[in-house]
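My notes follow in the order in which I looked things up.

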Amino acid sequence: MNKNNSSQEKFFENELRKIRIQPVPEFIKKDFSKDVMNQIHASKRKSFISWWNSRPVFIRAAAPLLSTIVLFSFFVVLQKSPTNPMQASGPTRDIASQLDMSLEEQLLLLEEFDIENELNQTF
Amino acid sequence: MPYSLGMVSEQINAEEALVSLVLQGNDEAYEKIVNQYRDKMIQLTYVYLKNFEDARDASQDIFVKAYQKIGQFRKQSKFSTWLYRIAVNHCLDLIRKNKMKFSTNVCVFENIATNELSPAQNSDLLVRDDLLKSAVQQLSTQQQIIIVLRYFENNSINEVATILKLSVGTIKATTSQAIQKLKKIISKEGVGEA
């Protein structure tokens, strides 16, 4: 009896293995993965926005001001930087040229600086 | 199509490689996974939702959800097991939230007529398959899902238990009950073999 039951179960199991689900129609498959990827990208953007919205109000309110301060300080530092040609301590000729001097005055100034440098080096 | 063990392990390795790429932020790899599972996912959700449009929308949501949770995939099971688990939960959620009323008349299964058989043999097969198909249709959705996961998707009992979050014993018992019910239905409708 048991043997008969198990053989019948085996028979049904084999029959069930042949079962197929209705094939997916073509219009359902169309652009499927593209749509999924678009939804993923949209959800990434959304998750950044919701992360930002979940920040405290004072941070969100202060953000534009903070970014302006940071940007302003950056430019100030840049202006004062030794690599800035406007502030370079390099050749005196550059400084002299900025002082709106005539060529002779500039040469005079250069000489003075050279003498001063020499004196400094000697003593 | 018959599967060899080598083919299956090759497929698992390729899948693992794709998952690793996705974890590194490669979206193209995920698109490949989506294409690989598209049909099976739509068919699985179709068994629950009995409508291809709903099945398509649900499948897309499932893939988005899986992408967002892929960091939680511990590689303790097959990727497909993990993915189907999300799918089953999503479908059950949809049914619960929307209180969907599904038409039980929709036949989610299809006949399998074989071209290699003679017309007479084929017609016999069709009659038998039709009977089996209508019998399976009369099973509960849970029993149908177990049959689909076990026999159509070729999962082991353990894998079906993991996907449905049920014990192995429950899966065995439900399968056995489903088969008894099928026997009863088929013998009532008169088929010699049962």
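**Entry 1: the interface**

I began with the area, and I find that chain A and chain B bury about 3900 Å² between them, 65% of it on carbon and sulfur atoms; buried area here is the accessible area (1.4 Å probe) that two parts lose on being put together, summed over both. On the side of chain A, the residues that lose the most area to chain B are A:F12, A:I21 and A:F32, together 20% of what that side buries. I note that this is a predicted model, in which local features need pLDDT of at least 70 and side-chain atom pairs count only at pLDDT 80 or more, while totals for chains, interfaces and linings use all residues. Residues are numbered from 1 along each chain as its sequence is written, chains are lettered from A and ligands numbered from 1 in the order in which they are written, and side-chain values use heavy atoms, with hydrogens and water left out.

Counting residues in contact (heavy atoms within 4.5 Å), I get 33 from chain A and 43 from chain B. I then looked up the polar contacts, each a pair of N or O atoms within 3.5 Å, where within protein one must be able to donate a hydrogen and the other to accept it, and residues adjacent in sequence count only if both atoms are side-chain atoms. Across the interface of chain A and chain B there are 13 residue pairs of this kind, both residues at pLDDT 80 or more.

Which elements of chain A supply at least two residues each to the side that touches chain B? They are helix 1 (2–17), strand 1 (20–21), helix 2 (26–29) and helix 3 (32–53), and the largest share, 11 residues, comes from helix 3 of chain A. Helices (H or I, at least four residues) and strands (E, at least two) are DSSP runs, numbered from the N terminus. By class, this side of chain A has 14 nonpolar, 7 polar and 12 charged residues, where Ala, Val, Leu, Ile, Met, Phe, Trp, Tyr, Cys and Pro count as nonpolar, Asp, Glu, Lys and Arg as charged, and the others, Gly among them, as polar.

**Entry 2: strands across the chains**

I checked the strand pairing next, which requires that DSSP find at least two bridges between two strands. Strand 1 of chain A and strand 1 (residues 109–110) of chain B run antiparallel and are joined by 2 bridges, with A:R20 standing opposite B:E110.

**Entry 3: B:R56**

I placed B:R56 in helix 3 (residues 52–69) of chain B. Is B:R56 buried or exposed? It counts as buried because its relative accessibility is 14%, the cut-offs being under 20% relative accessible area for buried, over 50% for exposed and partly exposed in between (1.4 Å probe, protein chains only). Leaving aside residues up to four places away in sequence, B:R56 touches A:F27, A:I28, A:K29, A:K30, A:D31, A:F32 and A:D35. The side chain of B:R56 reaches the backbone oxygen of A:I28 at 2.5 Å.

B:R56 also forms a salt bridge with A:D35, the closest N and O atoms being 2.6 Å apart; the term covers a side-chain nitrogen of Lys or Arg within 4 Å of a carboxyl oxygen of Asp or Glu. This pair crosses between chains, from helix 3 of chain B to helix 3 of chain A. A:D35 counts as partly exposed, at 26% relative accessibility.

**Entry 4: the other salt bridges**

How many salt bridges cross the interface of chain A and chain B? The rule finds 3 there, and the count over all chains comes to 9.

A:K44 forms a salt bridge with B:D27, the closest N and O atoms being 3.2 Å apart. A:K44 lies in helix 3 of chain A and B:D27 in helix 2 (residues 27–49) of chain B, so the pair joins two chains. I read A:K44 as partly exposed at 38% relative accessibility, whereas B:D27 is buried at 18%.

A:K29 forms a salt bridge with B:D39, with the closest N and O atoms 3.5 Å apart. The side chains of B:R38 and B:D39 also meet in a salt bridge at 2.9 Å, N to O. Salt bridges that share partners join A:E26, A:K29, B:R38 and B:D39 into one network.
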